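Hi,

Here is the structure I promised to pass on. Have a look at it first, and then read my notes below.

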Amino acid sequence: MNVPPHQPAPSLSTLHEVELLPPYRGIYEKVALGAGGPEPWRRRKQAAAHELLALAQLSQRITIQYLDLTEAIRTVFALRVPVPCRRGGVGPFQVAPMAVIGLTYRPEAALRPQPGFSFAEILEPRDVFHPNVSPSYQPPGAQILCLGPKLPAGIRMVDLVLMIYTATCLQDATFSFTDSAGLANQAAGLFLEANPARVPLTREPFLSSKEVIQ
Amino acid sequence: MNTASWSSSTHPAAGWSEVLLPEGFTPAAGGYERAGLRVCPAQDWWTLEYRPDDESLTSQAGDARPDRIGQAGAWKWVAQDRAFRLLLALPASLFTVETDEICWDAGTPVTAADALLRWAHETAAGVSLTGWTAPLRKVVESWFSREQLTVVAGPLLRQGEVIREPGRLALRFPILSQVPGDLPPARLAWLRALLEEAQDRWHLVRCGFLPAPDGAGQVAIAEVDLTGVPPVASEILFVTALEALRGAVQWLGEPADWLADPNVAWNFWLSVPNNEPTKGPYQMKALTPTPEPSAAAQVPGQPRGGMLRFEARDVTGTHVLEVRNVQRTTPAGAVATALASRMGLPADVPWIIRNDATGAVLEERPIGDQIEDGAKVVLSPKAHLG
Amino acid sequence: MTRLRQNSSVTKAQTPGKTRRAPARARRADRLPKFVGMNDDAEAALDELVVAIVGTGSVGATVALSLARLQVGKLILIDRGKFKAASLLTQPVGPECLGQPKASHLAERCRAISPTTHVEAWDAPLEDLPWSTLVPAGIVVLAGDNLSLTWETGQRCLQLGLPLIHAAIHGETLTAQCRFFAGTEPDGPCPVCLFGPGEFRLLEEERVWSCEGQSFAAGLPRSTSGGRAVSPTRSLRSACALAGHIATLSLVRWALGLGAPLQNTMTEICAYTWRTFVTPLRRNPACSLPHERWKVCASPAALRQVTPASLLRAAGIRAGGAGPATIAILGHRWVECGLCACLDPKPVHRFVRNGHPACSRCQRCRRPLFAQPFYSHESVPAKLLGPRLHEPLGRLGAAHAAEARVRCAHQTVLFVHPPAGRRRGPHPSTPPQSRSSP
């Protein structure tokens, strides 16, 4: 086999080694300076921010719109992912091409297991119809995406982004009514159970090797 | 953390013929074939078999099972249809048509599937893997957590290792760190049969014997060798191999311990195992119970390199064990858990080891760094509840 | 017919027209020994002692009652549980207490034993209590039934610089363990320093959530719910009492400076063998808890009258300066945006009390406005407050605030109003700890 000696191409486990190019480098330097809290937590946040920006640099699927490390890690990003929607829960079923996600990573998530609903909120579109997303048409109206009953301590931000992708497009979604974790939107679960052909909304992986080249 | 789990695809990106026919494979019974390499695609695992034209490289019915322990690549001899076949099983999800940017052949990018098949062919045929280097150690260490190298299952405790050299990448776990030199031939045959069954049962895992590091006797090991693996598949295969090894070690550990324990007296051992390949689950029936742990005899002998021997008792003084052949690199916490299980102590509380001479509590690092050979230790519970 | 003897000490009927004499009050001096090696006034030391006891079950109740008999200055009892039938098997209580909150019931008993001891009872989980609850304490005794409580207590004691005695029992081996964490230095050990893979596994088992019906009442998904006991502590009353008494004696030795210092040691006794070990405790460099020390200060005024900018100044941070600073009003969240039936987020920019779902009403649809979780902050970056840095907290929705926490890169300051009482420090013979309480 002709294998020239070289470094492996970037993969999701080596994002920390990716050299950030401008403007990502500029974003990183600005937010890293603003990281607050004890030293280990600050370093962890800075590393997570680096990986997130590296992911955005490598992949055209995600665009970082906001990133703050002052207390918790808070980021808003646009994610190119099919999103199931249904206005008011009763309109025609539609698929939006993109979502804007608000992701919060609190200090305790680095130390202790956390519930799956404590990380991600779908900010746009506003009429998501998904079994694991609390509906906007019922109070309190926040579209919280539940990533599972319990997520392990120290889960990586990048892994959360990937879980958000696979959960949103229903590649990895729970709508089994026998699941002890329960459903955030029962009506959506019933609808998809009755329409299995719609699941998943896409089979595309998050990151293709073509994107890695770029 | 295994980031590969994010991929949701449960099927290869392309159909099987689309992947294999352009690579020069031709349809054959049960699959596709090229230059002695037969590929049988399936939903979860693809099975590869190597049947070279040179008959001298194959095993015939009635031959002893050839040994590939320590050889590059994950091929192994498996008993099927009254003969031994050289097989390799690989996860189906690896066989995609996405271009592997790492592998180039005369300026042409090759697909992941092709890279894997070439690796399989070259390692089966014994072709020298020039130009391949193992991934950096820190890259490899990012694929797993240290705790995964320690298998603790009840009283079973085994510490595995990653063998990473510029020209080698492998995972290895001890099954028996010391095969007694005076083990009766019948028992040794049963032990060999046990290892062979594990090799037949677990994908990727090879089992066998190696000379002991200190040259005295031999050790029984389970390994997966990933030398030469294409980078595109290295992480997935490494993680898969580690899980397979952990399963195999748990499956093998206790029966292997019984077979090698001179204190276990079974009339069953008087007959050697049938050379017919076993069918169905391996069953062992104890005809006499094992002796009480507290009555374990003192085992004379010099400490073996890398192994530790000490006396352990629980905090109540009820159970006393003469503990032998604990790898020095095993974390003290794992040793405590295994000892507690061996002594039948409650499993719902963590246990600590205390050096009886100094009263010091051993920390969560290799036990060999904290106690000497022949030490006496006490197992205490870590009470947290009031 | 059996007549009660006169002057019976068991029961005395009251003669009509005569007032009953008050029962004789016990004087501690009547029974307090003159401890070997102690020259100072033990009584004064005990009078000033303020002890917080987290967990008033079989072990904690033993400690509380023993300290009440020592007529210490103050006891703060914390337990969220109530007595069940099984409590009678291991706890020093009678059938009359069944169904009652543990902390309150025990407080009553302590007051009855020692009317001079000020006793506070909190029938609530520790994580729901204000930080100022523990500030007055000179030492904390932990006797909980779950590892989450151990984590929470350890964290608070680290942050407030409080010594911590952790008493525990393992019933199956009759092993009592008492760990004394000095708390004087942030680099000293804490309970979580001792956590290994076994503890983290148990910690994970303790916490259970569901995706269904999660509470957004506070405008933010509640992720900080405490742990629960996976299984009850199985032990004998005597063994629990042993652990409790070891803790009590350790505390008394610390308070009075008796014998060799016990700080940062673990004492273990097994009733099978009566072997006793005293083992040093060391800081784990990889401890999951941040070993940071807070500074506790009195708020310059009632918090509702104070502005965020003045809090930053009092904490030594220049408002608008470089460097990240955050403000948290305990029991509140800063809400940037709210959601209503209009579906579009509306600006709110106020502090909202936890547990209050609606922060105001939408001017368009007149429906309640709920805090949008992503735009709700438990600890808000100062830069997000903008011009509101200079508005009093009362006008920003925190009229009931009693505590505020300001954090910058190098320090965390807890502001309390009214100021917490001065707490009793260790005996002068032990190394002095740095205190910044007023």
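At what angle do helix H1 (residues 24–33) of chain A and H2(A) pack, and how far apart are their axes? Before the answer, some ground rules. This is a predicted model, in which local features need pLDDT of at least 70 and side-chain atom pairs count only at pLDDT 80 or more, while totals for chains, interfaces and linings use all residues. Residues are numbered from 1 along each chain as its sequence is written, and chains are lettered from A and ligands numbered from 1 in the order in which they are written.

**Chain A**

Now the answer: H1(A) and H2(A) pack at about 160°, with their axes 10 Å apart. Axes here are lines fitted to C-alpha atoms, for helices over the stretch in contact, and angles run from 0 to 180 degrees between N-to-C directions. That makes the two helices, H1(A) and H2(A), roughly antiparallel (angles over 145 degrees count as roughly antiparallel, under 35 as roughly parallel, 65 to 115 as roughly perpendicular and the rest as oblique). Their crossing is right-handed, meaning that the near helix is turned clockwise from the far one by less than a right angle.

On the H1(A) side you'll find Tyr24(A), Ile27(A), Tyr28(A), Val31(A) and Ala32(A), and they meet a set in H2(A) that includes Gln46(A), His50(A) and Leu53(A). Contact means that the C-beta atoms of two residues, placed from the backbone, lie within 7 Å. By class, this contact has eight nonpolar, three polar and no charged residues (Ala, Val, Leu, Ile, Met, Phe, Trp, Tyr, Cys and Pro count as nonpolar, Asp, Glu, Lys and Arg as charged, and the others, Gly among them, as polar).

As a whole, chain A has five helices and five strands, in the order α-α-β-β-β-β-β-α-α-α along the sequence. Helices (H or I, at least four residues) and strands (E, at least two) are DSSP runs, numbered from the N terminus. Of the 214 residues in chain A, 50% are buried; a residue is buried if 20 or more other C-beta atoms lie within 10 Å of its own, exposed if 12 or fewer, and partly exposed in between, with C-beta atoms placed from the backbone.

Is Gln60(A) buried or exposed? Gln60(A) counts as exposed because there are 11 C-beta neighbours inside 10 Å. You'll find Gln60(A) in the loop between helix H2 (39–58) and strand E1 (62–68) of chain A.

**Chain B**

Chain B has six helices and 18 strands, and 40% of its 386 residues count as buried. One thing to look for is an open sheet of four strands, in the order E11-E12-E14-E13 (chain B), with antiparallel pairing. Two strands pair if DSSP finds at least two bridges between them. Strand E11 (161–165) and strand E13 (206–211) of chain B are at the edges, each with a single partner strand, so one side of each has no neighbour in the sheet. From one strand to the next, the twist averages 35°.

E13(B) and E14(B) pair over six bridges, and Phe209(B) stands opposite Ala220(B) in E14(B). Helix H4 (residues 185–201) of chain B packs on this sheet, touching E13 and E14 of chain B, and its direction makes about 140° with that of E13(B). Helix H5 (residues 231–260) of chain B packs on the sheet too, touching strand E12 (168–179) and E14 of chain B, at about 15° to the direction of E12(B).

Gln218(B) is in strand E14 (residues 218–225) of chain B. With 17 C-beta neighbours inside 10 Å, Gln218(B) is partly exposed. Leaving out residues up to four places away in sequence, Gln218(B) touches Val179(B), Phe209(B), Leu210(B), Pro211(B) and Ala212(B).

**Chain C**

Helix H2 (residues 58–69) and helix H4 (residues 102–113) of chain C have axes that come within 8 Å and cross at roughly 20°, which makes H2(C) roughly parallel to H4(C). The residues of that contact are seven nonpolar, no polar and two charged.

Finally, chain C touches chain A, with 31 residues from chain C and 36 residues from chain A in the contact. On the chain C side, helix H6 (197–206) and strand E17 (403–408) are the elements that give two or more residues.

Cheers
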